[in-house]
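Subject: Structure handover

Hi,

Here is the structure for you to look over. My notes follow below it.

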Amino acid sequence: HPAKLLTALDTGEKRHVRTLSSASSGEPGDNIKVCLRVRPFNRREQGQVCCVSMPTKYSLAVKDPAEDREYHFNVDRAYQSHDLSLPDFATQQTLYDELGEDILCSALDGYNCCLFTYGQTA
């Protein structure tokens with residue numbers, strides 16, 4: 001993944017790996033991550049086609065059928081939770097392991113933390 005710096009923090013028996021954006025100073029707690037998760041369709045949406053695809057863990061494409069055009073975006077992490085049959089399906093545990101635990105550890109270390117979510121749930 002371009003412009004990424006991985007630092008490992010050894011905390012006894014468990015090893016935490018933090019991904020820091022290139023805009024970060026490299027200090028734990030000094031980080032902004034942009035992540036996207038596509039939820040499963042709700043009952044009302046069942047049978048429709050999902051307009052979001054994730055070619056990689058770090059990118060997504062949104063298809064606009066009205067214009068027959070696809071828009072591409074890069075993110076720090078893209079989570080696919082739309083189709084349970086896909087091998088990269090992200091569970092709640094996946095998100096906690098990759099995002100939540102790091103935020104929790106930073107908060108317990110005394111850093112101000114915020115997890116902003118937007119959108120409807122299934």
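A residue is called buried under 20% relative accessible area, exposed over 50%, and partly exposed in between, with a 1.4 Å probe and protein chains only. By that count, 20% of the 122 residues of the protein chain are buried.

Two notes on the source. This is a predicted model, where local features need pLDDT of at least 70, side-chain atom pairs count only at pLDDT 80 or more, and totals for chains, interfaces and linings use all residues. Residues are numbered from 1 along each chain as its sequence is written, and side-chain values use heavy atoms, with hydrogens and water left out.

**Overall layout**

The protein chain has 1 helix and 7 strands. Both are DSSP runs, numbered from the N terminus: helices are H or I with at least four residues, strands are E with at least two. Along the sequence the pattern reads β-β-β-β-β-β-β-α. Contact here means heavy atoms within 4.5 Å. Take the contacts between residues at least 6 apart in sequence: 35% of them join residues at least 24 apart.

**The sheet**

Three strands form an open sheet in the order β4-β5-β6, with antiparallel pairing. Two strands pair if DSSP finds at least two bridges between them. β4 (52–56) and β6 (69–74) are the edge strands; each has a single partner, so one side of each lacks a neighbour in the sheet. Neighbouring strands are turned by 25° against each other on average, direction ignored. For that angle, axes are lines fitted to C-alpha atoms, for helices over the stretch in contact, and angles run from 0 to 180 degrees between N-to-C directions.

Start with β4 and β5 (residues 59–64). They pair in the antiparallel sense over 3 bridges. Val52 has Val62 of β5 as its bridge partner. Thr56 stands opposite Ser59 in β5. The hairpin that joins β4 to β5 runs through 2 residues.

Now β5 and β6. This antiparallel pair has 6 bridges. Leu60 is bridged to Phe73 in β6, and Asp64 is bridged to Arg69 in β6. These two strands also form a hairpin, with 4 residues between them.

Asp68 sits in the loop between β5 and β6. With a relative accessible area of 61%, Asp68 is exposed.

**The core**

Which residues make up the largest nonpolar core? There are 5: Val38, Met54, Leu60, Val75 and Ala78. A nonpolar core is a set of buried Ala, Val, Leu, Ile, Met, Phe, Trp, Tyr and Cys residues joined through side-chain atoms within 4.5 Å.

Leu60 is worth a click. Leaving aside neighbours within four places in sequence, Leu60 is in contact with Leu36, Val52, Ser53, Met54, Pro55, Tyr71, His72, Phe73 and Val75.

Asp76 lies in the loop between β6 and β7 (77–80). At 19% relative accessibility, Asp76 counts as buried. A polar atom of the Asp76 side chain lies 2.8 Å from the backbone nitrogen of Val34. A polar contact is a pair of N or O atoms within 3.5 Å; within protein, one must be able to donate a hydrogen and the other to accept it, and residues adjacent in sequence count only if both atoms are side-chain atoms.

Glu45 is in the loop between β3 (35–38) and β4. Its relative accessible area is 15%, so Glu45 is buried. The Glu45 side chain reaches the backbone nitrogen of Asn42 at 2.9 Å. Not counting residues up to four places away in sequence, Glu45 touches Arg39 and Pro40.

**Cysteines**

How many disulfides does a search of the whole structure find? The count is 0. A disulfide is a pair of cysteine sulfur atoms within 2.5 Å. For Cys51, the nearest cysteine sulfur is that of Cys50, 5.8 Å away. Cys51 is partly exposed, at 38% relative accessibility. For Cys114, the nearest cysteine sulfur is that of Cys113, 8.8 Å away. Cys114 counts as exposed, at 69% relative accessibility.

Best wishes
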